[in-house]
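Reader: I am new to this structure and would like to learn how to read it. Please take me through it feature by feature.

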Amino acid sequence: MTQSVVVQVGQCGNQIGCCFWDLALREHAAVNQKGIYDEAISSFFRNVDTRVVGDGGSISKGKICSLKARAVLIDMEEGVVNEILQGPLRDVFDMNQLITDISGSGNNWAVGHKVFGSLYQDQLLEKLRKSAEHCDCLQCFFIIHSMGGGTGSGLGTFLLKMLEDEFPEVYRFVTSIYPSCEDDVITSPYNSILAMKELNEHADCVLPIDNQSLFDIISKIDLMVNSGKLGTTVKPKSLVTSSSGALKKCHKKPFDAMNNIVANLLLNLTSSARFEGSLNMDLNEISMNLVPFPQLHYLVSSLTPLYTLADVNIPPRRLDQMFSDAFSKDHQLLQADPKHSLYLACALMVRGNVQISDLRRNIERLKPSLQFVSWNQEGWKTSLCSIPPVGHSHSLLALANNTCVKPTFMELKERFMRLYKKKAHLHHYLQVEGMEESCFTEAVSSLSALIQEYNQLDATKNVPVQDLPRLSIAVSLTLPCQCSGVISAHCNLHCLGSSDSSASASQLLFSLVTLLDIPIPHVLEQAVHFVACTRHFFFQVFQ
Amino acid sequence: MSIVTVQLGQCGNQIGFEVFDALLRDSHSFQGLCSKRENEAYQTSCKERFFSEEESGVPIARAVLVDMEPKVINQTLSKAAQSGRWKYGQHACFCQKQGSGNNWAYGYSVHGPRHEESIMNLIQKEVEKCDSFSGFFIIMSMAGGTGSGLGAFVTQNLQDQYPNSLKMNQIIWPYGTGEVIVQNYNSVLTLSHLYRSSDALLVHENDAVHKICAKLMNIKQISFSDINQVLAHQLGSVFQPTYSAESSFHYRRNPLGDLMEHLVPHPEFKMLSVRNIPHMSEDSLAYSTFTWAGLLKHLRQMLISNAKMEEGIDWQVRPPLSGLPPLGKMSLSKDLHFNTSIANLVILRGKDVQSADVEGFKDPALYTSWLEPVHAFNVWKTQRAFSKYEKSAVLVSNSQFLVKPLDMIVKKAWNMFASKKECGPRKNELRALVWARLKC
């Protein structure tokens, strides 16, 4: 079983992170009745004997002594982290895994990235290495941050580069909170675009989320609960909206409910890797299946159902509703409409009492209304995990690599350009050592290139699919091939029945001609090389 | 003679468990509609073939479990132990922590060489336990990373290390509408490698088995264990003991060898399929009776029309009247209705089995021109019934059944590849391998 480390950066990152750890503890408490430290828990927690001073207290098996989160908490001002450390979760965090400063980044990406980056580089490296050493087999770093601020955005993305250099084999999954239209930070477009460049280059996979969508979802739930519509009631133990049984009692802040959603997202994402199921999906499979281009690694997520129903044995009609909802634009965690855009790939991660036939039935049902890219018409990745989330009987997380992220990026770029044209607030950035205007222009061009990629894909949307002519080697030859390494042309001569040499020679010619006929330019060179290699054999056949 | 099973990846391990469970349940929980002595001989033969004995008397499956992550193996081991009837060997499993990430290249080029020695050692130990060793079953899926990539690697190694033993790969063909996005790449790579190193590929299609569960078994919410149980039933009905000749009452010693001898006359044609009849839920079984004539008629038509189950057979398809279509005429664009066979093996089990008439399968129109029906067709008849079915028939055939699905997979893999898309940020190896394979 592999482990993952969560790195929470900035106010937003730490607040979400705090919710996440709370939910993770509750989930494992519900699943793990015996209190034995097993592999599922070890993916996010260490088992530590707190009586042992210093570092040597890790226990790998047996009863749970004291759980410590595999987390690194980073913030350049103390308020949020202090609150966490005084709250009920203080024992879950290792005191050595914090990095704080006093003054904060002032909503300035440059301060977060350049100033604090260089200042805390060594400390960061040390904490990260420590957390990696505590892991038997580290698979993934989860970074949680916001894009609009200074610390989360600047220092968070500084980290990415560091992680890529130090731990190239470990995946970097980034949960980024994008600024909504009515964002209260004026410089958020600058911060976001500068951060996007880093995400483009150094992240393996990004889950973009925005506050507006989260808020809309919470409002919808409140509406359903208050109106008592259709007899739906929110179960008191639902992890989504309530915190009864939670360690954090105060539920007055509206962000808490929204942070819970993001925390649920992370839990569901890792559920199939932590718990058993009939069709497992590990974290490395997410990147493998959902990222066709290295740059196009932005996945729009949706979680359903968001409210539990009184019934536990839900007849298939309700189950199907869960699948339908996953594709509706109201349930996405980003302002996006995947149904009317182009899918590059889609993953459905189901938890609970759902079987393969339910999954297949719903895929068949929903497929006609979705548009997939021409080279991936059946682009589905599915997983079934037996353990449902706490308080639900089943749930679905849909991850879509879809061109519907484009509007978010385009809008961000527009807001950026409005400020940049007037050079508003620019001097705060340029004052920082290491920042130049070229940083801005590079960031914008990186984003423009990304948008262009999505545009190109969208252009293929309604174009009829044409099958590219295939290589069809009718008869094969055994070649002691000394051709280039890429083409190890390698076939067996077999003549069923007739050994008519003229027949086989003409078939050989046919196959060579088709080899040269492929519409892929760079292959022509290889093919010519191939023919050159085979020519001597070709003549041998006729002797 | 004994068969050692290598279970690879999540799919392989889940199916492997169901297979051993089905085999033991059939041989021990069921009288078999024959004499006690007969039944005991059957049980002994089955046990010797698939299980080894331990002091406590609990049979231990002759199996090696391999997976690159621990969850499934742990589950499989505990399920077997919980059944109380049998279990896996204590040290018969090999697992790692990280999984293969659905990446064939990881399974084949990274995990394979890295763990070659450990895995081959485990297999060696299992083989040494056999008094007389016949060959290997390798159970794997094609869509994932471990089953497909590591499976291909292990099969190759087995060929090198045990050149005189037979290897039959049980391959799970993924659902057409996607379980894994890169399944077409993984499948193409697996098949091309296996074709060179395996002796026979027994292909099980998820779509077909799913339909059996839905239509024949009437299961409303089909789970993977339902699917795996149907598969296990099919395999059991092929590989449970059978008589060695028409009239003798000794159980066949080397089913694997005999099967391959009959069904794989030419090394270039080694894809086999299984069709069994009847197949239904236990409730329906209580109300059904069968005749051999009826069963065999349906089975023959299933073969000709390439149907996978006894419902929805297309009775319009007939074998061509004036001999066979010429060999070179295999155009895939026109609908290939008639399913030509290279070789067929029918295994009949149950009551009055000697009276069953299999003449319909000896029609030369069913077969290719270069193999006479007397060589192409074989039948094994056994008195002892299988798993509560008073009469059951299973057909293992080497035919054109896989042409369309194979074409589909290659087409999709080619489309994805030729559009110049990378397959994720870390897989240049995969790209080169796919390119090489797609050309063969």
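The dialogue below goes through chain B, the domains of chain A and some backbone features.

Author: This is a predicted model, in which local features need pLDDT of at least 70 and side-chain atom pairs count only at pLDDT 80 or more, while totals for chains, interfaces and linings use all residues. Residues are numbered from 1 along each chain as its sequence is written, chains are lettered from A and ligands numbered from 1 in the order in which they are written, and side-chain values use heavy atoms, without hydrogens and water.

Reader: How many helices and strands are there in chain B?

Author: Helices (H or I, at least four residues) and strands (E, at least two) are DSSP runs, numbered from the N terminus. Chain B has 14 helices and 13 strands.

Reader: What radius of gyration does chain B have, and what would a compact globule have?

Author: The radius is taken over C-alpha atoms, and the globule rule is 2.2 Å times the number of residues to the power 0.38. For 440 residues the rule gives a value near 22 Å, and chain B agrees with 21 Å. Along the principal axes, the C-alpha atoms of chain B fill a box of roughly 60 × 60 × 45 Å.

Reader: What percentage of the residues in chain B is buried?

Author: A residue is buried under 20% relative accessible area, exposed over 50% and partly exposed in between (1.4 Å probe, protein chains only). In chain B, 63% of the 440 residues are buried.

Reader: Which domains is chain A divided into?

Author: Domain bounds come from an automatic or database domain assignment. In chain A, domain 1 covers 3-243 + 252-408 and domain 2 covers 409-460. Their centres, taken over C-alpha atoms, are separated by 26 Å. With contact meaning heavy atoms within 4.5 Å, 38 residues of domain 1 of chain A touch 34 residues of domain 2 of chain A.

Reader: Which peptide bonds are cis?

Author: One of them runs from Thr304(A) to Pro305(A), with omega near -15°. Pro305(A) sits in the loop between strand S9 (300-304) and helix H10 (316-326) of chain A. Another joins Ile277(B) to Pro278(B), with omega near -5°.

Reader: Where does His425(A) lie, and what is its phi?

Author: His425(A) is in the loop between helix H12 (406-421) and helix H13 (426-430) of chain A. Its phi is near 60°, a positive value in a residue other than glycine. His425(A) is partly exposed, with a relative accessible area of 30%.
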